[in-house]
Amino acid sequence: MKFTSTRSAQDFTSAAAITRGIAADGGLFVPCEFPQISYEELLKLADMDYIGRAKAVLKLYLTDYTEEELDFCVRGAYSNTFDKNIPAPLATVNGNTEMLELWHGPTCAFKDMALQLLPFLLVKAANKTVPGRTIVILVATSGDTGKAALAGFADVPNTRIVVFFPENGVSDMQKLQMITQTGNNVSVCGIKGNFDDAQSGVKKIFTDNAIRQQLEAKNMEFSSANSINFGRLVPQIVYYVSAACDLIKSGKLAAGDKFNVAVPTGNFGDILAAYYAKQMGIPIDKLICASNRNNVLSDFLATGVYDRNREFYTTSSPSMDILISSNLERMIYHAAGNDAELTARLMKDLAEKGRYELPKEVLEKLQSEFFGGYCDEEGTQKTILNLFKEYNYLADTHTAVAANVLEQYRKATDDDRLTVVASTASPYKFASAVLPALSNSAIPTDGFEQLQQLSALTNTPVPAPLAGLKGCEVLHKNCIEKDNMAEFVLNFLA
């Protein structure tokens, strides 16, 4: 399997793509072809545990890793790190809706599914491509990626990690998870700005030749733990394959049947992984792209015009508070028939003008695959309440957005097909937003009291990783201007 850039014809191994994170031309690495999984092969995978399924999918893409290396990586990531050793269980809401719960890992969010594995993949990749070098991980986070990356890379030999987050753009629990992170190789810093500012700052550092030269002098190499890194994307493909296996095993998906997927979407990585699974032969039909009030993606899918020149909203689903969806670049490249020249031109327009418009035929291709919708704050609250009252299912704000847009899709199309909803975070990570949806009682200002109140109200347990934060020392107190990110990184590495 070879990989190329979305912006120019190149030829890389998977190890090189994972080590670099982003191509030198600013493009993202994509596979040159999609391997296939037949229904008969799915039947075999259905009899395996998650580790077996993950190895089977990964070896199709990461062909320069040995079987022994993949076994080491996958077992290291998924053994005794997730609740009941079941990383991605399905929970039935009703007869045609299944929640794919991706938050049973150490940081209670779906990013654990990839970021428990990425450190193993990256260390093996670096040993193949840049042996002896220290890998410097740069992360911009809207909340969940930061903690998951920190947890995955803390004290991993020959790595350093710097995480930037919007100071006022994450939940209190997300922030506490990050600023209490231990590890001799970690640094966490707030920025005065939003996630897009953090993400743009990280990309700028990545493509700054002068900074790269300074790192080379120190025998260091940049890489990314954001979903721009293919090493983040490929583990996400696994859980859609696994969901299909579980539906087959439970008798809910027969040969010839298809299911839809609904995903709360910000940076477009999670739903892109579902598209990749579909391209591999997984029987997925419609991909339902759910946005919050920052509805740049739903407007884009309706009109073909991507325009980030709009008001930015801070919402109760902060991991989706994004106006520049990085992974959309990969989707455009594929939808345009692997047209790197067009993709590069559109991304140049986005960087210089803040907007671009798709050719008609590319938009029609996207619209054949995706349905886009958005849910405002009121709709999010109502959906959380409805899911709990009607189905006794406790959802976080992001999952509620996806469930709400799924119902919009069903009303608009009369498509009542079985749908898997990506449930991306524990409701306890956003207790201050979930509680008002369920009760009129006063909400405590203390975050840990909020956890206890939500537990008592819903008769559900507080996740141990969140309860365990109480009393942890705050270790990272920096908050900087967005223009000072490069200086902060270089000072950390000095």
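In this predicted model, the side chains of Glu369 and Lys365 are joined by a polar contact of 3.2 Å. Glu369 belongs to helix α16, which spans residues 360–369. With a relative accessible area of 7%, Glu369 is buried, because a value under 20% counts as buried. Once neighbours within four places in sequence are set aside, the residues in contact with Glu369 are Tyr275, Lys278, Gln279, Asp285, Lys286 and Leu287.

Two helix pairs are worth a look next. In one of them, helix α17 (residues 377–391) and helix α19 (residues 431–438) have axes that come within 8 Å and cross at roughly 70 degrees. This angle makes α17 roughly perpendicular to α19, since the range for that label is 65 to 115 degrees. The crossing is right-handed. On the α17 side, Gln381, Ile384, Leu385 and Phe388 take part, and they meet Ala433, Val434, Pro436, Ala437 and Leu438 of α19. Sorted by class, this contact between α17 and α19 contains eight nonpolar residues and one polar residue, with no charged residues.

The other pair brings together helix α9 (residues 195–206) and helix α22 (residues 485–493), whose axes come within 9 Å and cross at roughly 60 degrees. Here α9 is therefore oblique to α22. The crossing of α9 and α22 is right-handed. From α22, Met485, Ala486 and Val489 meet Asp197, Ala198, Gly201, Val202 and Ile205 of α9. The classes in this contact of α9 with α22 are six nonpolar, one polar and one charged.

Note on methods
Residues are numbered from 1 along each chain as its sequence is written. This is a predicted model: local features need pLDDT of at least 70, side-chain atom pairs count only at pLDDT 80 or more; totals for chains, interfaces and linings use all residues. Side-chain values use heavy atoms; hydrogens and water are left out. Axes are lines fitted to C-alpha atoms, for helices over the stretch in contact, and angles run from 0 to 180 degrees between N-to-C directions. Helices (H or I, at least four residues) and strands (E, at least two) are DSSP runs, numbered from the N terminus. Angles under 35 degrees count as roughly parallel, over 145 as roughly antiparallel, 65 to 115 as roughly perpendicular and the rest as oblique. A crossing is left-handed if the near helix is turned anticlockwise from the far one by less than a right angle, and right-handed if clockwise. Contact means heavy atoms within 4.5 Å. Ala, Val, Leu, Ile, Met, Phe, Trp, Tyr, Cys and Pro count as nonpolar, Asp, Glu, Lys and Arg as charged, and the others, Gly among them, as polar. Buried means under 20% relative accessible area, exposed over 50%, partly exposed in between (1.4 Å probe, protein chains only). A polar contact is a pair of N or O atoms within 3.5 Å; within protein, one must be able to donate a hydrogen and the other to accept it, and residues adjacent in sequence count only if both atoms are side-chain atoms.
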